[in-house]
Amino acid sequence: MKKILITGGAGFIGSHVVRLFVTKYSQYCIFNLDKLTYAGNLENLKDIETYPNYTFIKGDIVDTDFINNLFAQYQFDGVIHLAAESHVDRSIISPLDFIQTNIIGTVNLLNAARFTWETNREDKRFYHISTDEVYGSLGDEGCFTEQTPYNPHSPYSASKASSDHLVRAYHDTFDMPNIITNCSNNYGPYQFPEKLIPLFINNILNNKPLPVYGKGLNVRDWLYVEDHAKAIDLVFHQGKKGETYNIGGNNEWKNIDLIHNLIEIMDEELGRNKGASLSLITYVKDRAGHDLRYAIDASKIKRELGWQPSIQFTEGFKLTVKWYLSNEQWLKNVTSGNYQKYYETMYANR
Ligand code: NAD
Ligand code: TYD
């Protein structure tokens, strides 16, 4: 049986990837390594936690000895690396956490994989999940391609750019079987309500102000999280060693337009008068170094691997809103901090 290590599997995207792999590949042993920071929530994986091919390991990718021992013990065949500090606003407040996890943590994994796969690495994979934010900011025209030079502006994107460079350098220098994908903004179930969409859903639900940064004119390219997970599955199995693939939704929205759309759906779902929640919009001071526009050219992964998004935005956005509204307890547990007790309760006797 192949042993696949997925890092950051208790987070937003990681939980979708773990679920997909555990349910689709009974012939793989899936190991989910996660530190369970504020962003890691094992409630995201309640439905699959008892599957025989799934193992959760609590641990920190920054801890070199722990990572080396883990690889020596399990001899993983593949790594899908999603663990990261992922929120731009937090990176402005405390950049060092991002340097530690996103850079040092990635190098720890690279080193451990390199030594574990010293003799036979033909059928091995080290797959690093990254972001379009490494490319910087676009003007009104054009899209990021795999050739766009890196130009990160936040400590988050700079730390991800650094880890991408290191993954590439380990391929070039040590002939490691590395692959990188850079994806646009994801949305969907289980996203921590500090990011725009779940934060605003929670605030509309609770009649709290919606803090729009600057004039709300920044543009993001939104992709439904399950389409990202499917792309990760495809790239892990069919992507070429040493390659980079961009993944995106071809679905650009100005923040303020997206927020108006969200309010319309939420007011309807909550039985409020049309436009009732518009008054919650509150323009606040802009984010420092706020990138104006992200947009991905995903033609390479479409052409070479046949991937394309399957969920249209109108459908995915409604699904997302309905999911948060029918999982209010999840939202309450996350916002109250109760979800952090789940690990102690669930794993106390293991
Ligand atoms: P997230 O913040 O929801 O989850 C991150 C997970 O990593 C959490 O479970 C957390 O506990 C874990 N983690 C953090 N530090 C760790 C450490 N030191 N050791 C072990 N585990 C640790 O993030 P996400 O939005 O799911 O993003 C996952 C990955 O995808 C990240 O690498 C991110 O850069 C990338 N990405 C995210 C988006 C997006 O829109 N969210 C888009 C493109 C790429
Ligand atoms: P976010 O979800 O943090 O993703 P990223 O910054 O990684 O793209 O933010 C998406 C957009 O929404 C971004 O332009 C910043 C903006 N934003 C707000 O206007 N208000 C908020 O409270 C948040 C969290 C984000």
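Ala, Val, Leu, Ile, Met, Phe, Trp, Tyr, Cys and Pro are counted here as nonpolar, Asp, Glu, Lys and Arg as charged, and the others, Gly among them, as polar. The model shown is predicted.

**View 1. The shell of residues around ligand 1.** Ligand 1 is surrounded by 29 residues. I13, D34, S86, Y156 and K160 are the closest. By class, the shell consists of 13 nonpolar, 12 polar and four charged residues.

**View 2. Helices and strands that contribute to the shell of ligand 1.** At least two shell residues come from each of α1 (12-24), β5 (125-131) and α5 (155-174). The largest contribution is that of β5, which supplies three residues.

**View 3. Polar contacts of ligand 1 with D34, I61 and T101**. A side-chain N or O atom of D34 is 2.5 Å from an oxygen atom of the ligand. I61 places a backbone N or O atom 3.1 Å from a nitrogen atom of ligand 1. For T101, a polar side-chain atom is 3.1 Å from a ligand nitrogen atom. The protein buries 97% of the 840 Å² that ligand 1 exposes when taken alone.

**View 4. Pairing of β1 with β2**. Strands β1 (residues 2-7) and β2 (residues 28-34) run parallel and are joined by six bridges. Within this pair, L5 is opposite F31 of β2. The chain passes from β1 through α1 to β2 in a right-handed β-α-β crossover.

**View 5. Pairing of β1 with β4**. Strand β4 (residues 78-81) runs parallel to β1, and four bridges connect the two. Here I6 stands opposite I80 in β4.

Terms used: Residues are numbered from 1 along each chain as its sequence is written. Chains are lettered from A and ligands numbered from 1 in the order in which they are written. This is a predicted model: local features need pLDDT of at least 70, side-chain atom pairs count only at pLDDT 80 or more; totals for chains, interfaces and linings use all residues. Side-chain values use heavy atoms; hydrogens and water are left out. A residue is near a molecule or strand if one of its heavy atoms lies within 4 Å of it. A polar contact is a pair of N or O atoms within 3.5 Å; within protein, one must be able to donate a hydrogen and the other to accept it, and residues adjacent in sequence count only if both atoms are side-chain atoms. Accessible areas come from the Shrake-Rupley method with a 1.4 Å probe; for residues, only the protein chains shown count as cover. Two strands pair if DSSP finds at least two bridges between them. A crossover is right-handed if, with the strands pointing away from the viewer, the path from the first strand over the helix to the second runs clockwise.
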